[in-house]
Amino acid sequence: MTAYPPFTRTPAYLSLMLHADAMKHKHLRDLFRHDPDRGENFVARAAGLYFDYSKHIIADTTLRLLEKLADERQLDQHIAAMFRGDKINSTEDRAVLHVALRAPREAEIMVDGQNVVPEVHAVLDKMGHFAERVRSGEWRGHTGKRIKNIVNIGIGGSDLGPVMAYEALKPYTARDMVFRFVSNVDGSDFAEAVRDLDASETLFIVASKTFTTLETMANADLARQWVLAALTAPEAIAKHFVAVSTNEKAVREFGIDTANMFGFWDWVGGRYSMDSAIGLSTMLAIGPDHFRAMLDGFHAMDEHFRTAPYLENLPVIMGLLTVWYVNFFGVSSIAVLPYDQYLKRFPAYLQQLTMESNGKSVTLAGERVDYATGPVYWGEPGTNGQHSFHQLIHQGTAVIPCDFIGFKHTHNPLGSHHAFLQANMLAQAEALAFGKTYEQLRLEGVSEAMIPHRLFEGNRPSSMILAEQLTPATLGSLIALYEHSVFTQGVIWGINSFDQWGVELGKVLAKRIIPELQNPAAALNHDSSTNTLIRFLRG
């Protein structure tokens, strides 16, 4: 890739600045009135997803300028570099190849001269064989009882992805098994997860690449004590624990049979790892066939992202719209509103994917940025959010673009509930876009004193992402959509979306503070606030 000017000095950026000044005076009511087919024209489809972006404050000129910006930032070359296995994570000198995790067996993706796809499928096959043994009852615990309970111990990407996928795909799970997830180092998280479980029927998955992650290993040690307290024999550990890790020595020392260790690679970032061995709990829950269907959904969106022209490319359009609002409208947050209860953990999953990726304030060259990056992502499933924060989205002072996610068919067709849910989703997007005018309220007989309180300005942008049904393949496509949107944003901003140095300092300081909390006589050498707080918590 050739050198290109800083983001704010590209010709397209300067053109977009002027164009945004004009678009800020446009209203979605007028944009739809002037283009009756807007709802059909501003639509893209791929990998089972229908993406309606007509309710954004954009025109054809906006899209052409954003396309030019992507060209000037060499997005196509960055995409090719990622899929080629180049070490685009420059601060850690690593390739970024989560796309290899869902590549078909016959694919060839090279890292340091080696095709990594056969390794990926070897791990998937090993996971599949293990999952079938557990699900069929062939794998037994130390006392000979069948495993009925799976507890995944991880944190960050080793937890958020698996728990989100389990909740999202619950209709496909083995309902005769119990799945729990422990991540918080707060002992209450572990205590509640195992409170009603029988140790002789419980299998723990310890997910830590290095097998040294503070929170994960603290919970793993607690789980080990819990199993030994019930089963007494040290050899029981091998029947009740498996590891997702690359540290064979530490896994063996813990008591886990390394034959039951599932590996992954340094070219897989934690927040991009749920379709690697980190997804073992997902495979145990939904079975190998459904897991591979999920991978197929990921791959379908990968190929679309890799090959489709910018203005037909769902992740590119989504990423460019984010840049449009963050850098030209001053937007600082985006709401993700899934109208499906099974996606209740999806916003939390996206928080790590988006904010750990693009919460950066320096460029790839290490220079301080002079523009906004990385908006806050947040949300709740509908219709719950309508009775909490939608007030702020509709009538607050901040403009918050929204991603609505919905499905044509439900897994639970009970009465008219699904139609009611769909109607609420569509109504919220319509209300945000078009609002309610002074004249409409006056004609309805609303008093002059009350009109300001009941006025909806509208012009609040949103996307509508629809699919036939929430299936494993659909979930894969949906996650990959956001993964590649995040990458698109990072390329435009010239930042590294694949490191996360910001999580390190707090961990280092915590290791220093732990013994100071445990030993009342330990000398303290922090700032006066931290010293005082430690003394308070000691006693």
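Asp60 is partly exposed because its relative accessibility is 49%. Buried means under 20% relative accessible area, exposed means over 50%, and partly exposed lies in between, with a 1.4 Å probe and protein chains only. Asp60 sits in helix 4, residues 60–72. Helices here are DSSP runs of H or I with at least four residues, strands are runs of E with at least two, and both are numbered from the N terminus. His25 is 35 residues from Asp60 in sequence, and the two are 16 Å apart in space, C-alpha to C-alpha.

The model is predicted: local features need pLDDT of at least 70, side-chain atom pairs count only at pLDDT 80 or more, and totals for chains, interfaces and linings use all residues. Residues are numbered from 1 along each chain as its sequence is written, and side-chain values use heavy atoms, with hydrogens and water left out.

Now turn to charge. Side chains of opposite charge can pair when their charged atoms come close. A salt bridge is a side-chain nitrogen of Lys or Arg within 4 Å of a carboxyl oxygen of Asp or Glu. How many salt bridges does a search of the whole structure find? The search finds 26.

Take Asp125 and Arg105. Their side chains meet in a salt bridge at 2.7 Å, N to O. Asp125 lies in helix 6 (residues 117–136) and Arg105 lies in the loop between helix 5 (75–84) and strand 3 (110–111), so the pair ties together parts that are 20 residues apart in sequence. Asp125 is partly exposed, at 33% relative accessibility. Arg105 is partly exposed too, at 47%.

Next come Arg252 and Glu248. The closest N and O atoms of this salt bridge are 2.9 Å apart. Both residues lie in helix 11 (residues 248–254), and they are four residues apart, about one turn of the helix. Arg252 has 46% relative accessibility, so it counts as partly exposed. Glu248 has 39%, so it also counts as partly exposed.

Glu444 and Lys436 form another salt bridge, with their closest N and O atoms 2.7 Å apart. Glu444 is partly exposed at 47% relative accessibility. Lys436 is partly exposed with a relative accessible area of 27%. Salt bridges can also join up: Arg102, Asp275, Asp302 and Glu483 are linked in a network.

Now look for empty space. Rolling a probe the size of a water molecule over the atoms shows where empty space is left. The search uses a 1 Å grid over the protein atoms alone: a cavity is a set of points where a 1.4 Å probe fits but cannot get out, a pocket is an open set with protein on both sides within 12 Å along at least five of seven lines, and lining residues have an atom within 4 Å of a point. Grid points are joined across faces, edges and corners, and a volume is the space filled by probe spheres set on the points.

The largest pocket has a volume of about 1,100 Å³. It is lined by 40 residues, and the closest to its centre are Thr213, Gln500, Val503, Glu504 and Lys507. Helix 7 (157–168), helix 9 (214–231), helix 15 (346–358) and helix 21 each give two or more residues to this lining. Which helix gives the most? Helix 21 does, with five residues. By class, the lining has 15 nonpolar, 15 polar and ten charged residues. Ala, Val, Leu, Ile, Met, Phe, Trp, Tyr, Cys and Pro count as nonpolar, Asp, Glu, Lys and Arg as charged, and the others, Gly among them, as polar.

The second largest pocket holds about 540 Å³. Its lining has 28 residues, with Tyr4, Arg73, Thr363, Leu364 and Gly494 nearest its centre. Helix 20 (residues 472–493) gives the most to this lining, with four residues. The lining divides into 16 nonpolar, seven polar and five charged residues.

Cavities come next. The whole structure has three of 30 Å³ or more. The largest cavity holds about 120 Å³. Among its 14 lining residues, Met318, Leu321, Thr322, Ile334 and Asp403 are the closest to its centre. Helix 14 (residues 314–328) gives the largest share of the lining, five residues. Ten lining residues are nonpolar, three polar and one charged.
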